[in-house]
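Reader: Please take a close look at the side-chain contacts in this model, and at how exposed the residues that make them are. Give the cut-offs as you go.

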Amino acid sequence: WFDCTTHAVIDAGDHALIVGRVEAFHSAGFAGLGYYRGGYFTPAKVSAEVIAGPKVIVSAIIAREDKVLLVKNADGKWGLPSKEIGKEGADKALAEIFTKYQPDASASFIYSVYNNTETHYQYISFLCSAPDELAAAGDASAQFVSLEDVQTQAFQDGALASMLQRYRKESELKSYGMYFGE
């Protein structure tokens, strides 16, 4: 349990966020209770028992100057460096993307989270920076590309094209927001 006093109330549209100052707390030493994707769980459960929703794909928007690292798939369409999240979690998947494409890249923040209603996958895209202009030499299908040079139909799907169009506009303004939806 936590005993809190109200520190701040922040207006968040149709919600209010209440920030509490913890005055006292106590733990009985047992695992707590969490809520994830519509169900309760205890952190003591393994992640495979907790994740009971769509499969999750993590991708990296690795940017350098005015270009983004894109990967051509077998159909010749552009996509982002991506990996399905396994039991190890998003951090491990993102580290594997960096190892393969841009070892010195670093993630800034989550840029976009969306559910694809057709494929039933959830996509989480991180905005990242890249110190190297060249993609990792191990993957010839990856290269830094100016988004202005790529036609919308050249992307692997409309959702990615829409997200990268938004990224391009926000990049010009140097003001980024987070998208969550379908």
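Author: Cys4 is partly exposed, at 40% relative accessibility, while Cys128 is buried, at 4%. Here buried means under 20% relative accessible area and exposed means over 50%, with partly exposed in between (1.4 Å probe, protein chains only). A disulfide is a covalent bond between the sulfur atoms of two cysteines. The search for disulfides (cysteine sulfur atoms paired within 2.5 Å) returns zero.

The model is predicted, so local features need pLDDT of at least 70 and side-chain atom pairs count only at pLDDT 80 or more, whereas totals for chains, interfaces and linings use all residues. Residues are numbered from 1 along each chain as its sequence is written, and side-chain values use heavy atoms, with hydrogens and water left out.

Charged pairs come next. Three salt bridges are found in the whole structure, a salt bridge being a side-chain nitrogen of Lys or Arg within 4 Å of a carboxyl oxygen of Asp or Glu. Lys83 pairs with Glu96, and the closest N and O atoms of that bridge are 3.3 Å apart. Because Lys83 belongs to strand E8 (residues 82–84) and Glu96 to helix H2, this bridge ties together parts that are 13 residues apart in sequence. Helices (H or I, at least four residues) and strands (E, at least two) are DSSP runs numbered from the N terminus. Glu96 also forms a salt bridge with Lys92, where the closest N and O atoms are 3.9 Å apart. Lys92 and Glu96 are four residues apart in helix H2, which means that about one helical turn separates them. Through these contacts Lys83, Lys92 and Glu96 are linked in a network of salt bridges. Lys83 is partly exposed at 32% relative accessible area, Glu96 is partly exposed at 32%, and Lys92 is partly exposed at 41%.

Helix H2 spans residues 90–101, and Ala90 is part of it. Ala90 is partly exposed, with a relative accessible area of 24%. Its C-alpha atom is 6.7 Å from that of Val58, although Ala90 and Val58 are 32 residues apart along the chain.

Glu170 makes a salt bridge with Arg166, with 3.3 Å between the closest N and O atoms. The two residues are four positions apart in helix H3, and therefore about one helical turn separates Glu170 from Arg166. Glu170 is buried, at 15% relative accessibility. The side chain of Glu170 is also joined to that of Tyr111 by a polar contact of 2.7 Å. A polar contact is a pair of N or O atoms within 3.5 Å; within protein, one must be able to donate a hydrogen and the other to accept it, and residues adjacent in sequence count only if both atoms are side-chain atoms.

Tyr111 leads on to the aromatic residues: Phe109, Tyr111, Tyr167 and Tyr176 form one aromatic cluster. The structure holds seven aromatic pairs. For Tyr114 and Tyr123, the ring centres are 5.2 Å apart and the planes are at 15 degrees, so this pair is stacked. Tyr167 and Tyr176 have ring centres 6.0 Å apart and planes at 20 degrees, so they are stacked too. Rings of Phe, Tyr and Trp (its six-membered ring) pair if their centres lie within 6.5 Å, and planes under 30 degrees apart count as stacked, over 60 as edge-to-face and the rest as tilted. Tyr114 is buried at 7% relative accessible area, and Tyr123 is buried at 17%. Tyr167 is buried at 4%, whereas Tyr176 is partly exposed at 32%.

Lys174 sits in the loop between helix H3 (158–173) and strand E12 (179–181). Most residues other than glycine have a negative phi. Lys174 is not a glycine, yet its phi is positive, at about 60 degrees. Lys174 is exposed, with 60% relative accessible area.

Last, the surface carries a nonpolar patch of Phe2, Val22 and Phe25, with about 370 Å² of accessible area together. Patches are made of residues with over 30% relative accessible area and no salt bridge; like charges are joined within 9 Å, and nonpolar side chains (Val, Leu, Ile, Met, Phe, Trp, Tyr) within 5 Å. Accessible areas come from the Shrake-Rupley method with a 1.4 Å probe; for residues, only the protein chains shown count as cover. Val22 lies in strand E2 (residues 15–25) and is partly exposed, at 44% relative accessibility.
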